[in-house]
Amino acid sequence: MKLFHGSCNANMNLVDLVVILGMIRMFCILLVLFKSWRYLIKYMSLTLTWCQILDIAGLQNEDGSFSGDIWGEVDTRFSYISILSLALLHRLDKVDVGKAVKYILSCKNVDGGFGCTPGAESHAGQIFCCVAALAITGSLHHVDKDLLGWWLCERQVKSGGLNGRPEKLPDVCYSWWVLSSLIMIDRVHWIDKGKLVKFILDCQDKENGGISDRPDDAVDVFHTYFGVAGLSLLEYPGIKPIDPAYALPVDVVNRVMLVR
């Protein structure tokens with residue numbers, strides 16, 4: 001079974017960034033289970049060949065943005081996925097990081113937030129992608145932390161939950177998108193963390209397990225992950241710390257980054 005559809009032919013790039021990121025994160029999950037990155041790295045080489053690495057690099061456009069696939073859609077999500085994937089593989093040198101950073105900064109808005117493309121509306125999900133990519137590349141000094149911090153902290157509503165844009169309902173998933181961004185820019189103390197913890201816990205299905213988007217809604221894996229991740233960022237007892245940029249356990253990121 002082919003897990004990737006990469007090609008070393010620069011004129012016909014068939015790679016899908018989402019698939020590649022999924023594969024890389026799968027190996028990171030295996031690292032959690034087997035606790036040996038050096039043991040796993042030889043198995044990664046069976047699928048993540050130089051062709052796949054070059055395929056990711058081949059998706060960078062002249063303006064520094066990244067396309068998600070052969071159809072050429074551009075989005076700051078793809079910038080984050082590319083930078084994250086190559087950082088985990090220790091191959092950021094295969095792209096023009098300066099151009100990538102410049103493109104991300106071109107997506108910054110007057111309210112301090114970031115959109116999917118230049119001029120697009122600020123959204124908490126896109127802000128995470130941009131801020132995390134800037135954090136991974138050591139470029140957070142370009143962010144107006146106070147301005148962005150105010151936009152992010154205003155996402156907290158009366159229930160304690162966070163929304164993704166003004167006038168929207170709160171959603172547990174933004175416990176990750178908003179909170180991780182606030183932590184990366186050192187402004188997490190601008191929200192009421194106790195009320196957010198209560199909101200997340202109120203979204204639990206206490207009989208069958210899992211977490212939903214809002215209290216009394218149906219639970220799902222997506223919101224369960226981001227609910228637990230949010231609680232981790234809030235230092236809830238019994239949950240391992242998670243890295244706000246990589247969205248992986250801190251001890252896993254440390255082990256991956258130590259391997260050369």
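Trp177 and Phe226 are both buried, where buried denotes under 20% relative accessible area, exposed over 50% and partly exposed the range in between, with a 1.4 Å probe and protein chains only. The structure is a predicted model, in which local features need pLDDT of at least 70 and side-chain atom pairs count only at pLDDT 80 or more, whereas totals for chains, interfaces and linings use all residues. Residues are numbered from 1 along each chain as its sequence is written, and side-chain values use heavy atoms, with hydrogens and water left out.

The mean pLDDT of the protein is 86, pLDDT being the predictor's confidence in each residue on a scale from 0 to 100. A value of 70 or more is reached by 78% of the residues. Over residues 1-14, pLDDT stays under 50. For this segment the model has 21 contacts beyond four places in sequence, a contact being heavy atoms within 4.5 Å. Where pLDDT is low, predicted coordinates should not be read in detail.

Seven aromatic pairs were counted; rings of Phe, Tyr and Trp (the six-membered ring of Trp) pair if their centres lie within 6.5 Å, and planes under 30 degrees apart count as stacked, over 60 as edge-to-face and the rest as tilted. Trp177 and Phe226 form a tilted pair, with 4.8 Å centre to centre and 45 degrees between the planes. This pair links distant parts of the chain, 49 residues apart: Trp177 belongs to helix α8 (residues 174-184) and Phe226 to helix α10 (residues 221-233). Helices (H or I, at least four residues) and strands (E, at least two) are DSSP runs numbered from the N terminus. Ring pairs join Trp177 and Phe226 in a cluster with Tyr80, Phe128, Trp176, Phe222 and Tyr225.

Charges also sit over rings, as defined by NZ of Lys or CZ of Arg within 6 Å of the ring centre and within 35 degrees of the ring normal. Arg155 lies over the face of Trp151 at 4.5 Å from the ring centre, and Arg77 over that of Phe78 at 5.7 Å.

The disulfide count is zero, the criterion being a pair of cysteine sulfur atoms within 2.5 Å. For Cys107, the nearest cysteine sulfur is that of Cys130, 5.8 Å away. Cys107 counts as buried because its relative accessibility is 0%, and Cys130 because its value is 1%.
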